[in-house]
Amino acid sequence: MPDAPVVVAVDGPAASGKGTLARRLAEHLGFAYLDTGLLYRAVARRVIDGEGDPADGAAAARAARALEPGDLAGEGLREETVTQAASAVAADPGVRAALLDFQRAFAAAPPGGAPGAVLDGRDIGTAVCPDAAVKLFLDASPEVRAGRRVRELRERGSNAIYAAVLRDMETRDARDRGRAVAPLAPAEDAFVIDTSTMNADEVFREALAHFDARTTSRK
Ligand code: CDP
């Protein structure tokens with residue numbers, strides 16, 4: 001039997017640097033990468049396009065069950081309306097249950113026969129893959145994260161305003177941390193990295209050192 005895939009969970013709040021780190025780790029290790037936030041964004045997009053209310057749990061759960069792989073490449077998934085709606089649909093237990101199988105199947109059998117998978121999100125280490133070999137939790141102060149998100153949005157051509165981005169991010173953080181099912185929180189055995197004063201290279205090096213320590217000690 002081939003070895004079971006090595007699963008790396010990267011969790012954290014908005015703009016903590018988890019996407020950048022997860023992509024880079026996956027590339028470095030030759031692992032498959034899944035941005036699980038896109039799943040919630042695609043569900044939100046479906047609800048909005050059907051003129052439904054993202055806070056209506058039944059409608060959101062129906063949209064989650066109807067999700068197709070092509071939806072993940074949909075347009076406008078990073079728009080602010082979709083971002084806020086993603087966090088609303090993500091609070092519904094039916095939505096989370098509907099997306100669980102897809103995420104677990106990805107981790108158990110990474111596409112392309114890759115020897116491992118990196119999943120980034122909010123609940124990978126706590127709920128989706130509680131047995132992940134490596135769990136990282138990235139955090140940073142709200143001000144630093146809002147500053148990063150403003151830069152990202154401006155690079156994409158939007159004239160984002162810092163105060164509005166900070167406010168929207170804090171609303172979303174509170175909803176993500178406060179929901180009853182799979183709230184945003186570090187797993188007990190997660191390695192927490194505060195990225196407030198670190199650049200992407202420093203975060204990558206620290207995460208890789210932790211990955212090496214964890215995976216070597218398991219052999
Ligand atoms: O990139 P950013 O961190 O701003 O957002 P994202 O990772 O694309 O996630 C968008 C929203 O989806 C979050 O605010 C969460 O409410 C939800 N989400 C979740 O509940 N669980 C996950 N594993 C991933 C995202």
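Student: How many salt bridges does a search of the whole structure find?

Tutor: The search turns up 14 salt bridges, each being a side-chain nitrogen of Lys or Arg within 4 Å of a carboxyl oxygen of Asp or Glu. This is a predicted model, where local features need pLDDT of at least 70, side-chain atom pairs count only at pLDDT 80 or more, and totals for chains, interfaces and linings use all residues. Residues are numbered from 1 along each chain as its sequence is written, and side-chain values use heavy atoms, leaving out hydrogens and water.

Student: What makes arginine 78 and aspartate 35 a salt bridge?

Tutor: Their side chains meet at 2.9 Å, N to O, and the cut-off is within 4 Å, so the pair qualifies. Arginine 78 sits in the loop between α3 (57–65) and α4 (80–89) and aspartate 35 in strand β2, so the pair ties together parts 43 residues apart in sequence.

Student: Why is aspartate 35 called buried?

Tutor: Buried means under 20% relative accessible area, exposed over 50%, and partly exposed in between (1.4 Å probe, protein chains only). Aspartate 35 has 14% relative accessibility, so it counts as buried. Arginine 78, at 39%, counts as partly exposed.

Student: Good! And what makes lysine 135 and aspartate 189 a salt bridge?

Tutor: Their closest N and O atoms are 3.1 Å apart, so the pair meets the 4 Å limit. Lysine 135 lies in strand β4 and aspartate 189 in the loop between α8 (162–178) and β5, so parts 54 residues apart in sequence are tied together. Lysine 135 counts as buried, at 6% relative accessibility.

Note on methods: Helix = DSSP H or I, 4+ residues; strand = E, 2+ residues; numbered from the N terminus.
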